Amino acid sequence: MSPVQHTVLAANEASEHRPLIITLFALFVVATLFITVWAGRQTKSAADFYAGGRQFSAFQNGLAVSGDYMSAASFLGIAGAIALFGYDGFLYSIGFLVAWLVALLLVAEPLRNSGRYTMGDVLAYRMRQRPVRTAAGTSTIVVSIFYLLAQMAGAGVLVSLLLGITSDFGKVLIVALVGILMIVYVSIGGMKGTTWVQMVKAVLLIGGTILITFLVLLKFNFNISDLLGTAAENSGKGAAFLEPGLQYGATGTSKLDFISLGIALVLGTAGLPHILIRFYTVPNAKAARKSVNWAIGIIGAFYLMTIALGFGAAALISQDEIIASNPSGNTAAPLLALHLGGIDSAWGAILLATISAVAFATILAVVAGLTLASSSSFAHDIYANVIRKGQATGEEEVRAARWATVFIGIVSIALGALARDLNVAGLVALAFAVAASANLPTILYSLFWKRFTTQGALWSIYGGLIVAVGLVLFSPVVSGDPKAMFPNVDFAWFPLKNPGIISIPFGFLMGWLGTILSKEEPDTGKYAELEVRSLTGTGAH
Amino acid sequence: MATDAPPPSNTEHRLPSTEEFVEVQNSAEFGELRRSYRSFAFPLTVGFIAWYLLYVLLSNYAGGFMGSKLFGNVNVAFVFGIAQFVTTFLIAWWYSRHAAAKLDPKAEAIKSQMEGRA
């Protein structure tokens, strides 16, 4: 059977079983809305809204962190990247996991000990509040919105494929539906509701991935070498499929891009605001450490299974069929499910529907986490501490956060509708690069460098932010490339798709330069407070 | 929580004063806690980042070596990738063991002393 026929079959199969897919989607939505309303009833104080009352156990939070972290980019994107580019796609899995050690060793515990609700709490601790909180809020919202756009666009791709919606109006409607759901989750359920949604999603995602991995391995009698060999052969690229270089090895520039991506992946995680605020949901730093350990275990197991997902798809599905379904391979995982069950059988359809529902749940849970991070930062950093100068009551803050959620939701729907056909991978990599350039240097300097000043913090946040976003704007992600956002114009003078290799060192450099050129003396008393609190947990609540 | 004003009064715990924090920061006990944390976490961070970058650089510039087959279709690159997983798990376990044995008791002692005094 020719690849084209295969694709048509897959699409028909999907449309025949559309009621099943819709039922599973609806089931997840109803269950999570129920959780949200239940959580909303228990959300009264600011600590409830921002931090879920700080009463989650280390295991629960580890699960929720995993649910917050493993986005559509991980599940659909990595499976697709491995299915198309073989070994090079695996770099994402490794970078996304190793990155957790930065969070574990340097950030999670001090943050839990010295902050309260947002990343800005720690960044602004020793500094002049208003300028630093404005900067922290700005970078939180920029990182979260880029990440949000990628998820929204991913939802559009996935749902339109599965439900056969191809009209522009239909896609906009899907983006709007996702946006409305996330507004409801976050504004009603707060951190508590979001956490439970993320836990449910993590269990579904891990369960679905284990099932697919098991079925793939079963096909190859649990012989990994056999799986890899078949994938290499079926890909048409032979042994090169199992070696680094297919995607990034072509030229010196693309090799540099590979390094840039690698650095952004490993340093980005510990600067992602939606991940950082999760550490406030546990009672103390010890529980924060344990939840990172749980997350490393869960996320590590998941990324190991992406080998089976990606190489399994490459081994069992033709390259033409994967590309015909989605040029970036984003639908390789659902297609694999269909093939494993048998494309003509009910099992195939059920597996496809299940995996698609899991992917949908994945997107919704991540989107909720991102919205919560940005609306918390708006309410706590910008509204309460900049506009109201620290005089707002908890009740006023929560009200501001709920309104911010609605506002950010609407902005994301509008941008998501515009971005529905854009390249999603670029947006996620950008979010990681911005987080590593603007947030991580400031977090590390704040916690560990005695001399660090307000000017240093501002230069490193804005410097990292502007250079990272600016370089992407002039990169092949945005223009001058057939796969770019604007393929018909060319203002791309920066050759790399990922800005990390320049913007991350620049963020660190600006923090250092801003500090040594600073006229004001560092606040040593405040640093004593921050350092002692961050290492001992004195006064943490 | 820090604001420009003195610590807000609506927090559940009264924080020790800045002077007390400075005093503790300069104390021998805290110095030991800081040393014990930094001398473990900082070199380990440099180590795992170097190990990861080695992997990235070898993938880029040592294709022949990474592509050499070890057994069946499993090559050096694949084993190297899996090794990154294994070292990540091991480092997480090792740091947590160090923290529980060496850092937590010291941190706990300083915290209870400071909060008792406050």
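1. Which residue forms a salt bridge with A:Lys526? The partner is A:Glu529, with the closest N and O atoms 3.8 Å apart, where a salt bridge is a side-chain nitrogen of Lys or Arg within 4 Å of a carboxyl oxygen of Asp or Glu. Because A:Lys526 and A:Glu529 are three residues apart in helix H21 (residues 524-536) of chain A, about one helical turn separates them. Over all chains, the rule gives ten salt bridges.

2. The model is predicted, so local features need pLDDT of at least 70 and side-chain atom pairs count only at pLDDT 80 or more, whereas totals for chains, interfaces and linings use all residues. Residues are numbered from 1 along each chain as its sequence is written, chains are lettered from A and ligands numbered from 1 in the order in which they are written, and side-chain values use heavy atoms, leaving out hydrogens and water.

3. Chain B gives 59 residues and chain A 63 residues to the contact between them (heavy atoms within 4.5 Å). About 5700 Å² is buried between the two chains, 69% of it on carbon and sulfur atoms; buried area is the accessible area (1.4 Å probe) lost by two parts on being put together, summed over both.

4. Three salt bridges are found across the interface of chain B and chain A, and the side chains of A:Glu531 and B:Arg34 meet in a salt bridge at 2.8 Å, N to O. On the side of chain B that touches chain A, the elements giving two or more residues include helix H2 (28-61) and helix H4 (76-117) of chain B (helices are DSSP runs of H or I, at least four residues, numbered from the N terminus). The largest share of that side, 20 residues, comes from H4(B).

5. Within chain A, helix H2 (residues 18-41) and helix H16 (residues 346-387) pack at an angle of about 35° with their axes 9 Å apart, the axes being lines fitted to C-alpha atoms over the stretch in contact and angles running from 0 to 180 degrees between N-to-C directions. Among the residues making this contact are A:Phe25 and A:Phe28 of H2(A) and A:Phe360 of H16(A).
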